[in-house]
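Welcome to this short tour. Open your viewer, get your selection tool ready, and follow along stop by stop.

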Amino acid sequence: MDAEFFRAWITCAAEVIEANRDHLTQLDAAIGDADHGINLARGFTAVLHTLDAQNPGAAAAATPGRILAVTGATIISEVGGAAGPLYGTAFRRAGKALGRVADVDLPALAAALEAALAGVQELGAAREGDKTMVDALAAATRVFRNAIAAGASQDDALSVLAAAASAAAVATIPMQALKGRASHLGPRSVGHKDPGAASAALILGALRDAVRAPTAPGRYRGRA
Ligand code: ADP
Ligand code: MG
């Protein structure tokens, strides 16, 4: 997976977040303050502008790690609330874990996802089952590792990763939130999908679509 693949991922992610902006905001309206989709869509739009604005020399020299680092830094500066620093840290840590390699193999991507998860947990102190984005990221990272260990192809490993993230987001519905704004609702947070788990599932789903359509990103229109 080269820099072009990672650009395709970020482009797919931006498009699917934009397509689900209102839906994510509605999820946040139920158990938060109705800004999640709006904030994330603004952040990813800024990321695309930043990547597009790179001069041709910088763009040609960009490594996968650099693309994720720029993504993380832009999200941190553009997106407020809880999700901005958390997603920004996730992308920055993932970028750092990839280092300067031009081509990322499956184990390196798994290590990058683990670094992203560790960063989110260091910053937010959420554990799996607390009804946050950690639920989707942790489940996806775990099944991805297992799929690689079992010898899965890249396409298959990314497909199970996306499916696990999506299932984990659905599994937050019956949970009570123990971290973030929704935790203030106590038992009233039960019965709603966590917006951050939903957005994480969309972003990770875009990773699968980047491998399927590296030259034509943006066809993914899944729902959170
Ligand atoms: P805010 O709650 O500040 O308005 P957002 O609405 O953008 O921020 O994001 C809310 C999402 O952030 C939640 O749905 C949850 O998934 C995630 N989140 C909140 N707090 C934490 C935390 N401590 N650790 C991990 N994720 C968190
Ligand atoms: Mg919110």
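This is a predicted model: local features need pLDDT of at least 70, side-chain atom pairs count only at pLDDT 80 or more; totals for chains, interfaces and linings use all residues.

**Stop 1: a helix pair.** Select residues 83-98, which form helix H6, together with helix H7; their axes come within 7 Å and cross at roughly 145 degrees. Helices (H or I, at least four residues) and strands (E, at least two) are DSSP runs, numbered from the N terminus. Axes are lines fitted to C-alpha atoms, for helices over the stretch in contact, and angles run from 0 to 180 degrees between N-to-C directions.

Residues are numbered from 1 along each chain as its sequence is written, chains are lettered from A and ligands numbered from 1 in the order in which they are written, and side-chain values use heavy atoms, with hydrogens and water left out.

Now show side chains. Residues of H6 including Leu-86, Ala-90 and Ala-94 meet residues of H7, among them Ala-112, Ala-115 and Gly-119; contact means heavy atoms within 4.5 Å.

Stop 2: Select Ala-125, in the loop between helix H7 (106-124) and helix H8 (133-149). Ala-125 has a positive phi of about 60 degrees, although it is not a glycine.

Buried means under 20% relative accessible area, exposed over 50%, and partly exposed in between (1.4 Å probe, protein chains only).

**Stop 3: the metal.** Which residues coordinate the magnesium ion (ligand 2)? Select Asp-28, Asp-33 and Asp-35, whose OD atoms coordinate the ion at 2.0 to 2.2 Å. Donors are N, O and S atoms within 2.8 Å of the metal (3.2 Å for Na, K and Ca); water is not among the atoms, so sites may look incomplete. Along the chain, the donors follow the spacing D-x4-D-x1-D. Asp-28 is buried at 8% relative accessibility, and Asp-33 is partly exposed at 33%.

**Stop 4: another helix pair.** Finish with H1 (residues 3-19) and H3 (residues 36-53), whose axes come within 9 Å and cross at roughly 145 degrees. H1 passes H3 in a left-handed crossing.

Notes. A crossing is left-handed if the near helix is turned anticlockwise from the far one by less than a right angle, and right-handed if clockwise.
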